Amino acid sequence: MSETTSPPGTGTGATPAPTSTLSARRAAIAGGVGTLIEYYDFSVYAFLAVTLGPLFFPSEEPAVSVLLTLAVFGSAYVMRPLGGWFFGRLGDRRGRKHALVVTVVTMGVFSGLLGLLPDFATAGVLAPVLLVLVRLAQGFSAGGEIGGAATYVAESAPPGRRGLYGSLTPIGSTLGFSVAAAVVGLVTAVTSAEQMAAWGWRIPFLIAVPLAAVCLWVRVALEDTAEFEAMAEQREVLRSPLLTVVRERPGAVLRVVGIAIAMNGTGYIGLTYFSTYLIQTQGFDKEAVYWASAIGIALACTTYPLAGMLTDRFGRRPVLLSAYALYLVIAWPAFALLGATSSIVVVTLVYVVYMAVNGLAQVPAFPQFTELFPRRVRYTGVALGFNIGTILAGGTAPYVAAQLVQSTGDPMSPAFWVLGVAVVGVATVLTLRETGRDRLPV
């Protein structure tokens, strides 16, 4: 029996009363809005990679500067499993709400600090060192966000509607990238190239501070989930949820890792690498690419509730399998179109289609994650598996894609990465039992 903070046998494992529809909607909206702001803070860096490269990693070869900047983007993911452990433990011991409040404060503070960093010309080698440290802190915070939001929303959703309500979490995380692209595009439009390099790049990071304050206000007003309250009342809270989930649910953790590899390995190519590829390799105007990213990603997000309804109607496995099958079909044509076109309209359409498919991968995945774990280790299990998968194939995706192009000279080579991680997704989903119509395990 797992070690808990109460004597053995005191927990009843009773199912709590269902959450009201109004409370469920508030929880879903709060989870989505908070995740949007958190992922805005985290992803601004990716859209500024071409600008930040020469400022922090000056080189006679522009591609080297960008590669180093993308490597720092990936370094933030090194801390995500540690953040997942810390915030998962906090969420499983102190409450889902408590952990989600701390994540957004931490991310807001360090995003603001990033906007105040000196560049290489001012501080020399200290500048990239500070950049890496701040990105590591951002990664630590992000490690607790999306797993916590998915857990909070799933535990608050009405029976049979976890897919639809849970779709607001990936809408939030994906729209965070869209808002980041729009803000960077707006700043680029109103500044000259010299102004952007001198101070304009700081503005998107500093905006994170008031956004974090808004998110804090929204989340402080929430109550914790009935699942956690019942768990606390029945004294089922574990002293070490990490050890328990690794010992009792290793297969579930590995399945989350596999799905996260596929979901993030495909998605981050569209969210972070496309813009760098279009600007650096294809020579598109920066401002045009930022707006194409923002509009295309936002339009794709309008399809996510439909994916939620589909997964509630047909289950998690069919929708997940269809997503990865579609990636196997569209990966090569997507890169072929981006490499052949000079039209920003075509670029925008590629974003819409590519990220709409990612919605089919993301939306069923988050409720699926929560359905694999009992409530006493749910936050920890989801955060642990998701962040391991993300560090393996999310943060590394833009760097691997850029490195493939650099080393092979073939701009189509990142398509093979997409194909590979999609195959991992198919293989993982085939090991899953359908849980879409089940109650969350107690």
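One term before we click on anything: a contact means heavy atoms within 4.5 Å. What you're looking at is a predicted model, where local features need pLDDT of at least 70, side-chain atom pairs count only at pLDDT 80 or more, and totals for chains, interfaces and linings use all residues. Residues are numbered from 1 along each chain as its sequence is written, and side-chain values use heavy atoms, with hydrogens and water left out.

Start with Asn264, which sits in helix 15 (residues 250–281); helices here are DSSP runs of H or I, at least four residues, numbered from the N terminus, while strands are E runs of at least two. Leave out the neighbours within four places in sequence, and Asn264 touches Phe386, Thr390, Ala393 and Gly394. Asn264 is buried, at 6% relative accessibility (buried is under 20% relative accessible area, exposed over 50%, partly exposed in between, with a 1.4 Å probe and protein chains only).

Next, jump to Gly83 in helix 4 (residues 80–93). Gly83 is buried as well, with a relative accessible area of 0%. Beyond four places in sequence, its contacts are Gly88, Phe140, Gly143 and Gly144.

Finally, select residues 27–437, which an unreviewed UniProt entry annotates as "domain: Major facilitator superfamily (MFS) profile" (positions are in the numbering used here, feature names are shortened, and annotations may be inferred rather than shown by experiment). That stretch is 82% helix and 0% strand, and its end C-alpha atoms are 21 Å apart.
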